[in-house]
Structures are given as structure tokens and as C-alpha cells.
Amino acid sequence: MRKFIYWTIIAALAVVLVVYFVGYFQYKNLDKLQSESTNYSQSNIASTDDSIAQYFDTELSYFKANSDNVFIDFNGNTIETNASIVDDFQIENNGIYEIYMAYKVLNSLNYGSVSLQIDQLQDNGTYKQLYVLEGRLNNYSTYKTLNFQFDRYENEVVPEQNGYEELTVDKVLPADRLSAEPITIQLPKGNFRVSIKNNSSTLVIYNVIFARKGQLRTYADYLNEFEGKDSSSNQSEKVIMVDAEKPVTKSDFLINIGYVSSSSVRPFQVNKRRINAILESTFNLPGQKILWTFYVDNPGFYSISLNYKQSENKGVPVYRNIEIDGQSPFAELQDYPFDYTGQFWRLATLSLNGNPMKLWLEKGWHILSFEVDTGVYKSAILELQRILKQIQDIGISIRMLVGHNLDPNRTWNIEQYLPTVLVDLQNISDKLMTQYNLLIEKLGVGATGHISDLKVAASTIDKILKEPERLPFYLDSISEGDSSIAQRVSNLITALRSQPMGIDEIYIHPAGTTVDVPHGSFMVAGFVELEKLRLSLMNQTDPYSTYVKKSDSKSSELTVWVNRPVQLVETMQYLVDTDFYEKTRIDVRLSTMPSEQKVIFSAAAKTTPDVALGLSNWLPYELALRGAVTDLLQFPDFKEYISKDYNIQTLTPFIYEDGIYGVTETQGFYVLFYRKDIFQRLNLPVPQTWDDVKLILPELQRRGMNFYIPLSASSQKYFHVTAPFIFQNGGTLYSKDGMSTAINSEETLKGLELMTDLYSIYGVPEYVANFYNEFRYGRIPIGVADFGTYLLLTNAADEIYGLWDIAPSPGIYKDGEILRYQVASDRAGVIFKDSTKKEEAWEFLKWWLSKDTQVKFSNTLVSRYGPDYLWNTANISAFKEITFIPESHKSVILEQWRWIKEVQRHPASYMTEREISNVWNRVVLQGENLRVAVDKSIKIINREMERKLIEFGYLKGGKIVKKMQFRSIEDFFKEGEVK
């Protein structure tokens, strides 16, 4: 047995070595083979601006050429956010019209958002409302350069993006973006009025176009039109190769290029990052479009091939609308399917019934575009949207009927209260099965796994209908659970809408010829994986590590540790090298921190960097208490610089004695989230104060719903959830000299009383495991939550798209205004005391915290990695210019930021925080009297404060030997001190 194991190990090692060395030589030869291929010509990119302008001019001419299309001229009027513009128009021929616009989106990388209202003029001179539509406009973007730059580690970096702020002609997509088709309406003959409201960044509107919907010719008709054309004139033409990672423009900033670690794409290097493809996960939303240019030397028939990957939609194709020079030559290039490839790249030629398609191309520049669409899923998605709304309405109706106190022994004559509910559920089941069968018929049995939720949801309804008298007990199965019918339908809509596809290269080659480009073999792929393993073991795959040998670092470098993911650090390093270094000639090396503990240990060992970023906001105080960080007031321009764009209240946690030892990098927000649909149905107002909350709670609770407060998130109640109640009531945590606690002051007791009464008297839930889910399901349709919840609802809650909104947090009404105090300070930066480059470090911090850098970093981050990476900058001027948050939401957040009030740190803060939490637990969970609970905690807090004050030299022998400088942040920024 030992011999068998021994020889098995030997054989395995031999195989590994063979794969490694054979793959190595093939890998080395691969690039040479690709570059020596003489039958391929790299298509040069025409002037970007000229190509895009020509493309949109052609689009506009196309619409003008059809006399049935209706043009409304707005003469290039500029419409600011929330402003509207109105004009009249006439329809000569009734029919189905698609809506297009000629426009510009200014000062934004985000899409444009508009509301359209169309009214018809009546015989009596009044207008009747026909349509109210929510639409979105593609905001085309370009990369600043397609000659990719390298970072300090010789990796290519994705360039920044610019919005295309010139004339754009494009469809008005439905706001829900369920397909690539423009908003389509039926209009009769008559006179009309259209009103356009701008919901996002500044728009310039030239025309609104109502285009008569038509049909494209077939491929057979297309070939007939070119019958007799010489198809052999271009046979000597080289294959035209288009690098997909070098588009001339794209319809939004979310489509991105990047590095794919595969020898099946070009260019590829195992130990360096090379930008080589359109990233699969970023080119997936209906309506997204990419444009490339290419040049044809000889007219003739050509075919199109491409190296692509489609690995996410298992067993089913994804769809693209393919256009040449702005139009699809024939219908078969609309909703063209690209099959599932698994984890491999595939070279495919556009074909019909197995035969490559032929396209006639004249000599000159051409524009090729691929647009994401939903293909055969279009009708299914629209039907499932209607079904989802029905299911949600049924769920809300049942919740409002039964509340949350269900008697398990009770049965219901449910039709007495909801007469049509059983028929509606049966109809939904039938519709789900109809859609399932239609999709299987179109896609084949391979699609079963992808759409199985349809069948499961229908069978769940059938099971429920067998016990109609117990329908309310199935509420979780209908609309309020992770596996509910509503959730399954919503997940399927998301899955069907998502059409991801990565593209490496596109080849335009003479019809009848084939493309054969050398790509990596199995042996090369094996070598690549083994080489990556070898490099990782030698710590050569993480250039941003804090574990850098002294010999590898330069003594002149400013060392900065960043407590953030490597994607953010890479982006920061790119900005540092291309902007900060160019301005200052200060060399900066960024490294990722594996843990904040490393800062604490390095401070103890005297091995700190010069700067640390991304620290928790309590850490600068703890480091200052131990003499490890620099007082930033030593820099003469600190107060003037930081007060210009930052809320100085966020600096409160960094105060120690008479110094400020940190700066605020990012800040969150606590705002009120509410479900518009449920509040409209219950006819409830959005509360402004805690008294308003108390008034709506009985109505919510009667319907089985409730209100969420962040206190309910965990058993430990930290300062960020308890302090707002204290601050709103004018309370404080410590005495003025910092020697004792002040939680027994009348104002603080009022705050603690409100904080506990909401639970013990008004019935707010004591524990909520996940507000995000409770909010989605409608069980808790309103609550105060943070930036993380906002990101989740924005990016991951498609089933309630458009059904929720935000408002400022409730507060206390006093002296004619509502005090809405909330904490907001999030992450901090510090300069270490042992740094020998403090001036350079402060220059770096000023650059990093500046408005221009924060805006650029935010835009670059989202354009590289998507909206999940929204940067919550603390620079208020930069936040105002970030375009990825709707203006209506941005105004709410800015209003809430007026009410930032932070907790000042103390050597015994941890005990004060713990005991306030204990007060809540004693009062709410144990029924103890508030004042009794507070008296118990005062003794504990004061005892611990005394111990810590002795430890840090403030007390000795029961006497004050050093006065604590317990100053407010306003004391540091007195009027007249700061310009």
C-alpha cells in the first residue's frame, strides 16, 4: 500500500511537472504566434468624437426620412433637475409610436431620468391625461484614452471615463429597464401636449420624436436586394480584428473593460494584468450598447465572428441586437442568441440555420454595435411583472386583514373578506405554468433549471388552494419569505433580465472565409494555474501588501496603510500616481491592511507607516491617548482647509485634550425609509417627529406591521443608535470637566425615556434580524436605517423598484424647528507621530480629502466596479457632484447631514456605551423603572471612569492632578479663527 501511495505521488508530481514545462513553452510561443499571424489587420479607431457625432447625425437623419414620424422641437432648451418643459404636437395617423429623444446629459456619468405626461386635447378645449411614463436616457461615455497606462507594478489600469456631452439621439427606455425596446404607446389622430420633467442631472433637449413602429426586412429579402453584387472582390482582404476592450463609446458608465485571467483571450500575461475584454458581468442590462469602429478597404460581403464568453445563464442563451452604422440590416440580427459557454471562451460566427450570415459593406469607416436585449424573455418578463404586482397586492391585503396575531386554531371564510382572492391565485398559477411551457417550447429542456421557479411557484399556489380556509397562514409562502412566491417571481425577473456576455475580439472577415486565431491550449491553461499558485506562495501576487521587505521599499516613499479592499486601494494608487505625484513629486506607496489590529500592534512596536486611512472612527482617539498619532492642529491651514468642505461635527470623535488627531474620510447617514405603496394604501402621513411616529404606530400594528429603529438590530446598543435620542432632547453623556457621567441629567433622562418608551409602551419590535428583508416584504414598511440599507435597496430589491422613498429622520420639535440629530462619522485617517514626513503626509491628506479627488475617486470606483461600490465621501461639496444618487434622495441626505452630532470620546467611553445599553435592556426586557436602572449604571460608569482617569494620570489619591480638556469641536473652530 505504501508503495502504491509512493508511486501515485511520484506520478502526480511528474504530470504536474510535464504540464508546467510543456505549458510554459507553449505559453511563451503563444504571443509570438499571435503577433506573427499575417492574415489579420488591427482596425484603427477613427476619431472618437467624430465617429460618435456621425453616428448620432445618421440616427437623426433616419428618423427625419420617415414622414410618419412626429418631431417636437424644443430648440436645445436646458432643463435643470426637477424642472419641466411643455409643448404641443399633432398626430396625423393613429398607430403605435416609439418615443425617442435628441438630447445631452450634462455634468454626469449617470443615466438621465425623465417623467413624461401626454395629454389629449378635447373638444371643449381641456386636456385629458392619456399617459404618465417614467423613462431613462442612456448617457454615453468614453474612456479618456485607449492607450492603456501602467501602474507602478506594470499592470494596465482601466482609464477614467468621460460623459459624452454632445448631441445624443436615442430611445427613451422604460425606467424599469426590462427590455431594450423604447417606451411604446398607442396614439389616436388628434392634438396632444407632452410635458417632460427632468429627474436627474441637467438635460439639454432638442427633440422628442414619436416614431411609427415598423418591421425590419428578413435576411432573405436583404440578400435579394444585393443580388448581382460582386462577392469575390474582397477575397484578398485581410481579416479585420477589432479589440472589444477599445470601444469608441458605450451607452453607460457601468459597461466596463478589464483584465480576464485566461489564455483564451488577447492580450494575456500570467504575472501581469492586461486589459483584454469587455467584462461579462458589466454588459448585461437591457438597453446597454457598445459601439466600435472599423475600416473596410474593399467593398464586398463580409461575415462577423467574435470570441465571447457567456457563463452565468446556465443552459440558456443571452441576446444582442446587432447593428451596422446605426441600423440592423435585417430582422435576424435583432435578438440574436449567444449560447451558454460555461467557463470557456468560444469563437463563434453570426449564423442563420448553421450558415454564416453575409453582410454587404462598402469601402470606408463603419460602426458596429452590440445592444443587450431580452430576446424570447420579453413577453414573459412583462407578464411576470404584472403577476408580481398581483401577488404583492394579495399579500398586503391579507396582512392588513389579519394583522400579526393569528390564532392557529382559527379558520377563515376568506372569500367573505377578499371575494376574488382564490380566483386570482388560481389565475396566477395558470399564468405561471403558461409562461413556463412557452419558454420550454422556445428554449428546450435545457432551460428547465433556469426557469424552474415558475413551476415551483405554481405548485405552491396549488398547494395553498387546497386549504383556502387557512390562506392567511400561508402569508410567508405567498409574499413574505425568502422562498415565497413573490420572491421567486422577482428573482426570476432579475435572472431573465440579466443578459451577461464578455467579448474579447471581433473579426470582420470576407464571407466564405474562416477565422483561426491561436489561443491557449489545455496545457497553457494548466501552466497558468500552476504558475499563479507558485507566485501566490512566493507572495508575488499581492503588490499592495503591508508585508514589504525594507529592501523593496524606497526610503523616500510616503507609506500609507489603507483598511479597505484591494480594488479600492488599486484605484487609489492609480489616482496617486497619475495625479498626486504629478502635482507634488511626492512618491506614495499604498498597502492594504489585513486588520485594524495591525495598526495597534505596529504602534506598540514603533513600526507604523506615515499615514493610515479607513480606520474606525473610535481608533484615532485610542491611538492619541497612547501618544501614537499627530495632532493635526499643528498644521497652520488645517482648520481652514477642513471646515471648507467637511461638517466639523464629524471630527468630534478625534478630539483628545486640546488636539484633533484624525480626519473624516467617509460618513454615513441615518434617514427614514418608507414604502410609498403601503403608506398610500393606508392613507398615512410620513412622520416628521417621534410624536408623529407614535400616532401612526397603532394603525401599522393593527395591520400586522411596525416601525424599525436601529436599536432593534442587536442586543448591544452602541452609541450610534442610542446617542441620537439623547442629543435630540438636549442631553449629554459627561460632565463639563469629564470627571463623571451626566446620564442622570434631566435632558438625558428625557432621551432615555423616549428611547425605552417606544418599545415598552408603543410596541416597536425589540429585535429585527434584518430590516432590509422586513422592508421588502412589507412587514415593517417604515424605519430609520443607514447607508448600507440604501445600497441594498437600490441595487438588490428589484421587486419594490419605485415603491419606496426616503425622508429625514424623525426628531423632536423644539423652538419652531425639528431637531433631527443623528451620528454620521464613518471612517478616519491619521498621521502617525513617528513619521519623519509629516508635511508630506499632510499634503497627501489634503489632496486625498479634496473635492476634486473625492469626485474623481467616486466616479472611477463606480465606473470600474459598478454601483455597489458607491463611495460615501464625507466631503460635502464632492457629494453634491456625485451623480450616482438621485437628486431627490441627495437633497434628503444633505438635509439630514445638517443634523450631524457625534459622541465625544473618553477613556471610559466603552463603559458608558455598555451601561446605556444595559439601561435599555433592564427597562424594556426586565420592566425595571428607568431612574432606578440609570442610578445602577451611574455607579458602574463613574467607578470605571475613575479607574481610567487614574490610569492616564488625571487622578491620584482621589484628587485631580491633571485637568481634562473636555472641549467641544466648536471650541476649536470659533468664529473669527477660520476664514
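1. The structure is a predicted model, in which local features need pLDDT of at least 70 and side-chain atom pairs count only at pLDDT 80 or more, while totals for chains, interfaces and linings use all residues. Residues are numbered from 1 along each chain as its sequence is written, and side-chain values use heavy atoms, with hydrogens and water left out.

2. The secondary structure of the protein amounts to 27 helices and 41 strands, where helices (H or I, at least four residues) and strands (E, at least two) are DSSP runs numbered from the N terminus. The radius of gyration is 32 Å, close to the 30 Å that the globule rule gives for 979 residues, so the protein is as compact as a globular protein of that length. This radius is taken over C-alpha atoms, and the globule rule is 2.2 Å times the number of residues to the power 0.38. Along the principal axes, the C-alpha atoms fill a box of roughly 105 × 80 × 80 Å.

3. Of the 979 residues in the protein, 57% are buried; buried means under 20% relative accessible area, exposed over 50%, and partly exposed in between, with a 1.4 Å probe and protein chains only. Among the contacts with a separation of 6 or more, 79% come from residues 24 or more positions apart, a contact being heavy atoms within 4.5 Å.

4. Strand 34 runs parallel to strand 35 (residues 782–785), with two bridges between them, and Phe707 has Ile782 in strand 35 as its bridge partner.

5. In one of them, Lys378 and Glu181 have their closest N and O atoms 3.4 Å apart. Lys378 lies in helix 4 (residues 378–402) and Glu181 in the loop between strand 9 (168–174) and strand 10 (184–187), so the pair ties together parts that are 197 residues apart in sequence. Lys378 is buried, at 16% relative accessible area, whereas Glu181 is partly exposed, at 32%.

6. Another salt bridge joins Arg585 and Glu582, with the closest N and O atoms 3.4 Å apart; Arg585 is exposed, with a relative accessible area of 52%, and Glu582 is partly exposed, at 46%. Asp677 and Arg675 also meet through their side chains in a salt bridge (2.9 Å, N to O), and both of these residues are buried. Salt bridges that share partners link Arg399, Asp476, Glu480, Glu774 and Arg779 into one network.

7. Thr142 is part of strand 7 (residues 141–143) and is buried, with a relative accessible area of 12%. Apart from neighbours within four places in sequence, the residues in contact with Thr142 include Thr48, Ile52, Glu160 and Val248.

Key
Pairing = 2+ DSSP bridges. Salt bridge = Lys/Arg side-chain N within 4 Å of Asp/Glu carboxyl O.
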